[in-house]
Amino acid sequence: MAHTIILGILLFFCACLGCTSGRENPSPSRNYPLRVLCTTGMIAEAVAAVGGRHVVVEQLMPPGVDPHLYRPTARDKWRINAADVVFYNGLHLEGRLEPLLAKRGGFLPVYAVTENLLTRWPERLRPLAEGGGIYDPHVWLDPLLWAECVRFVGERLAELDPERAADYQRQAEQYVAALLELDRYAREQLATIPPTRRVLVTTHDAFGYFGRRYGLRVNSLQGLSTLDEIDLQSMNALIRELVAEQIPAVFVESSVSPRALQAVVAGCQALGHSLTIGGELYADCLGPPGSPGETFLGAFRWNVDTIVAGFRWGEPG
Ligand SMILES: [Zn+2]
């Protein structure tokens, strides 16, 4: 009898917490519209597009915030618990949030949008030089990889809300079409940069997928995370390379301090090479309302235009 009562109490609490049998087999949600919490602006935009009027989307990290460094607040814990489903990037982008998300994953559906890429097509990901199954998390900067993440969101929402599965699928493909159009634009624009100038230098190594997709050699002062140290040796090596190859511009990022790249510019100028800051790119976050990077599609287009203009700087004729 006591066992039956305890089991009953446990089942009651489990139902109250929206406990599912894990991410593999989430029960369809009884809530409508679904309350979806997303970590970054890029994910929030994708989920809003895929979910349409069937979801209420909340974004955990405000615009301009560096996801590598983001520390969850007490309010974030409450927001995660109050959601029906959580989408995050994964691949260690949100390093300081991941323990909290893993903990909640036993009670509510918590998904890394990169899950399909990691499990089905790991060969499409950039491994860290040291290996060990650690991959570059900046997949949104290749629209074709991001399209797979958008489709993954559509699949998961359809599982949680099967009645509207056709809507999620259709809306996911509409957003994918916008990404493919963005990719076409980027290919056309970036192809105008002379091959000898195609070296994209930024503060941290966010543009690896972007460079791979559009034929740009990418160099940076930091590794894949803004937590990585910048050492004087790599800074000097970069200055020598920029001078030797007469690269006209480097680019700062909206969520990272420009100081280290400003020092690189000064170093090049001291050696007689006229290098400029080509502009500010949206790497790991979107811009504030009213800025060109307010939306992901706008931010990506801004990046393409800024890079093209920066590389043309000082072009003869
Ligand atoms: Zn980053």
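A nonpolar core is a set of buried Ala, Val, Leu, Ile, Met, Phe, Trp, Tyr and Cys residues joined through side-chain atoms within 4.5 Å. The views below come from a predicted model, in which local features need pLDDT of at least 70, side-chain atom pairs count only at pLDDT 80 or more, and totals for chains, interfaces and linings use all residues. Residues are numbered from 1 along each chain as its sequence is written, and side-chain values use heavy atoms, with hydrogens and water left out.

**View A. The largest nonpolar core has 62 residues.** Look here for Phe-87, Trp-146, Phe-210 and Phe-296, the residues that touch the most other members. Two or more residues each come from strands E1 (34–38), E3 (85–88) and E7 (249–253) and from helices H2 (41–51), H6 (143–160), H7 (165–190), H8 and H11 (296–312); helices (H or I, at least four residues) and strands (E, at least two) are DSSP runs, numbered from the N terminus. H6 gives the most, with 10 residues. At least three residues come from each of domain 1 (16–186) and domain 2 (193–312), with bounds taken from an automatic or database domain assignment.

**View B. Phe-87 and its contacts (heavy atoms within 4.5 Å).** Setting aside neighbours within four places in sequence, Phe-87 meets Val-36, Leu-37, Cys-38, Thr-39, Ile-43, Val-47, Tyr-111, Val-113, Phe-152, Val-153, Arg-156 and Leu-157.

**View C. Helices H2 and H7 cross at roughly 130°.** Their axes come within 7 Å; axes are lines fitted to C-alpha atoms, for helices over the stretch in contact, and angles run from 0 to 180 degrees between N-to-C directions. H2 is therefore oblique to H7, as angles under 35 degrees count as roughly parallel, over 145 as roughly antiparallel, 65 to 115 as roughly perpendicular and the rest as oblique. H2 brings Glu-45, Ala-46, Ala-49, Val-50 and Gly-51 to the contact, and H7 brings Asp-167, Tyr-168, Gln-171, Ala-172 and Tyr-175.

View D. Asp-183 is buried at 3% relative accessible area, whereas Arg-213 is partly exposed at 28%; buried means under 20%, exposed over 50%, partly exposed in between (1.4 Å probe, protein chains only). Beyond four places in sequence, Arg-213 also touches Asp-142, Leu-144 and Arg-187.
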